[in-house]
Amino acid sequence: MKKIEAIIKPFKLEEVKDALGEVGIEGMTVSEVKGFGRQKGHTEIYRGSEYTVDFLPKIKIELVVADNQVEAAIGAIVKSAKSGKIGDGKVFVSGVEQAVRIRTEEKGDSAV
Amino acid sequence: MKRYLLILALIATAALSVLPLRADNTNAMAGMAMTNAPAAAAPAAPAPAAPAANNDPAGANTTGTRADVPNLIVSEPAALTGDDLKDTNKVAAYTAAKKAFDDYTAQANKEPLAMQLADTVGHNKIAINFVWTLVTGFLVMFMQAGFALVETGLCRHKNAAHTMTMNMMIYPLGMLGFYICGFAFMFGGVGAPGAGTLGTCTSLSHELTWTIFGKPFGIIGTHGFFLTGDTYDAGLFCLFLFQMVFMDTTATIPTGAAAERWKFSAFMLYGAFIGTVMYPVFGNWVWGGGWLSQLGINFGLGHGHVDFAGSSVVHMQGGVIALIFAWLIGPRYGKYNKDGSINPMPAHNIPMAILGTFILAFGWFGFNPGSTLSGTDLRIAVVATNTMLASATGCLGALLWMWFRRGKPDPSMACNGMLAGLVAITCPCAFVSAFGAVALGLVSGLLVVESVFFFDKLKIDDPVGAISVHGVNGAWGCLSLGLFADGTYGQGWNGAHWFKLANGAYQMMDPSMAPKDATEMGVLGLFYGGGMSQFWAEFVGVATCFITLSILSIIVYKIVEVTIGNRVTEEVEIEGLDIPEMGVEGYFGVVANKTAETPHVREKAHHQMG
């Protein structure tokens, strides 16, 4: 099993969710985060004084999938989250040691 | 130790407030003379022995009678006393007036229906004035909600409960202080309420007056504490309610300037002082018949310091207190970098701030037109329209000016601009034309933007722009009256009568001395042929306001500082005042962007670093 973490632009969430559904992935966890990479922040102005907003709102999607689904999942995410503009985000993959479905207490691949 | 000092101070204040109950009488002291204070209209007759009380608590007996429609009746002339009995002219005039009165009385006894009609007309006229004054007073009370929303919207999420509650509690605190002694200090010598628009009760005829430069200087009122005794009168209660909501407008202004770092207990102690002593002193001098209103008849300065609805009495007083408190309490943590550049702390709720601004603008339709204290004075239409026009140019002017100066049409500045226009028009609203209202409103829009920049340069941190809106534009409003007043209203204001003579000269004189071809003018400013006289009267008032309120504010701030301290600790300020000070979050259960709320102090502004 692998964990896929994707940082994407917030308005892309629905598109990514639909694309993952098309390759057979139906579950995920989503959190609202802030961050920046090479995109950098931007300067705003309030009552005549400038201030810098470094952190931009992003969405983090986390999913745990079976090994044979990893490539399909990454492909779906990248294709749907891409806008071609700076700040599109990143995808990270890491290993997962164990997974348990709480309701049925299934373990392993049948839990994801 | 500090707690004991506080308890001692509270006991002393309570004791002092009881003393005037026994002392409000006509005792003469060396160098001071008690006199009936002239009301806003013609000067009173020479003071006789204290008249019998004529208060009417039920509002059913002497409030609103034929005496209130003097054009329909003939009044008994005042009996001559002392030296007047030797003046043949005065005796002849009295005899003629007495005969006219006797003839009228004989005729009146033959026409009971006419007299009943006169009584009914008088009653209805006063009733209209009562309803007008009360309803406009209720509108001004609603401005408390407007202030609460503007201030809280412009402050940060983590301080919402604290900012809102300060605005909530200032209402009862200020009101009770005004009830205990503030109203008595301010209006104890004002004469008939509304100069006769709210009845003829004469209980408020006790003004402490000093003779300075050979002129009577009204200093403070000494009657009306706790609204008891002969102050228990329907018309006086009407006046109290109306004036109290004006006082609370002043009281709530400093809460915006000291927000986000003011201890709630310190604010409450301030609240005990504002309605009792801080507001009424200057208020008496302008609206209570005191010396600033008499600058005209005493020193020939226009119609004295004229302030129709309170640019100086209400707004500038609040603005000066705000300035002193913001200066002494210091800027918010993280506001200024080491090089003086600013780290903005943006408003947490712009919709709330704009809603509050509209509520204030609506309430101002009570604030300004209500200040006629008369629904039968039809100038109210001009007052209301001028108020509206100035709010528009203030708002638009500020928004466009900010857009031009710094590149974005800042919503918070649009709010400040509308309020600045309203503050500025508050003094001259009854005395200017539509053009004047539009012009001075536009200036106030520009002024509020520039003054926000100015106070930031001085590192005086004002989270909501209270100093710029109320202090700076309160002063501008009064000065603008000296420029834009067009003479169409206000004849005899503060007892001063100014006439335009046939040869074009403009001067003050007693009406009985005025030539037949002279025209009595209302309040007249520089741009309309009044010269600088009225402007100087306004300037003296503005300068007096600044000096007096600065002194009073510093004293009150220091009293609070040595007893309980004004400012919260740095930890509390960073966490947000809601939980530590109030025990509850403004938005419990709502997740907010906490990290952006507290700026980091750097050597210079972040956007200038690399």
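# Close-up views of a predicted two-chain model

**View 1. The open sheet of chain A.** In chain A, 4 strands form an open sheet in the order β2-β5-β1-β6, with antiparallel pairing; here strands (E, at least two residues) and helices (H or I, at least four) are DSSP runs numbered from the N terminus, and two strands pair if DSSP finds at least two bridges between them. The edge strands are β2 (29–35) and β6 (89–95) of chain A, each of which pairs on one side only. Direction ignored, neighbouring strands of this sheet are turned by 20° against each other on average, where axes are lines fitted to C-alpha atoms, for helices over the stretch in contact, and angles between N-to-C directions run from 0 to 180 degrees. Strand β2(A) is joined by 7 bridges to the antiparallel strand β5 (residues 56–65) of chain A, and within this pair V33(A) stands opposite K58(A). Helix α2 (residues 70–81) of chain A packs on the sheet, where it touches β1 (2–8), β5 and β6 of chain A, and its direction makes about 5° with that of β1(A).

The structure is a predicted model, in which local features need pLDDT of at least 70 and side-chain atom pairs count only at pLDDT 80 or more, while totals for chains, interfaces and linings use all residues. Residues are numbered from 1 along each chain as its sequence is written, and chains are lettered from A and ligands numbered from 1 in the order in which they are written.

View 2. Strand β3 (residues 42–46) and strand β4 (residues 49–53) of chain A run antiparallel and are joined by 5 bridges, with T43(A) having T52(A) in β4(A) as its bridge partner. The hairpin has 2 residues between the strands, and R47(A) takes a positive phi near 50° in it. The contact between the chains takes 9 residues from chain A and 17 residues from chain B, two residues being in contact if their C-beta atoms, placed from the backbone, lie within 7 Å. On the side of chain A that touches chain B, the elements that give two or more residues are β3 and β4 of chain A, and β4(A) gives the most, with 4 residues.

**View 3. Helix α13 of chain B and its bend.** Helix α13 (residues 466–484) of chain B has 19 residues and reaches 25 Å from its first C-alpha to its last, close to the 27 Å expected at 1.5 Å a residue, the expected span being 1.5 Å times one less than the number of residues. At N473(B) the helix α13(B) bends by about 30°, an angle taken between axes fitted to the seven residues ending there and the seven starting there. Because 19 of the 19 residues of α13(B) are buried, this helix is largely enclosed by the rest of the structure; a residue is buried if 20 or more other C-beta atoms, placed from the backbone, lie within 10 Å of its own, exposed if 12 or fewer, and partly exposed in between.

View 4. A326(B) is found in helix α8 (residues 311–329) of chain B and counts as buried, with 26 C-beta neighbours inside 10 Å. Leaving aside neighbours within four places in sequence, A326(B) is in contact with residues including A257(B), I460(B) and I467(B). V140(B), which has its place in helix α3 (residues 112–154) of chain B, is likewise buried, with 26 other C-beta atoms within 10 Å. Although V140(B) and M244(B) are 104 residues apart along the chain, their C-alpha atoms are separated by 9.7 Å.

**View 5. The open sheet of chain B.** In chain B, 3 strands form an open sheet in the order β5-β4-β6 with antiparallel pairing. Strands β5 (506–508) and β6 (519–521) of chain B stand at the edges, each with a single partner strand, so one side of each is left without a neighbour in the sheet. Strand β4 (residues 498–500) of chain B is joined to the antiparallel β6(B) by 3 bridges, and W498(B) stands opposite M521(B) in β6(B).

**View 6. Two loop residues of chain B with positive phi.** Most residues other than glycine have a negative phi. L227(B), which is not a glycine, has a positive phi of about 50°; this residue lies in the loop between β3 (215–221) and α5 (234–257) of chain B. K459(B), in the loop between α12 (434–457) and α13 of chain B, has a positive phi near 60° and is partly exposed, with 13 other C-beta atoms within 10 Å.
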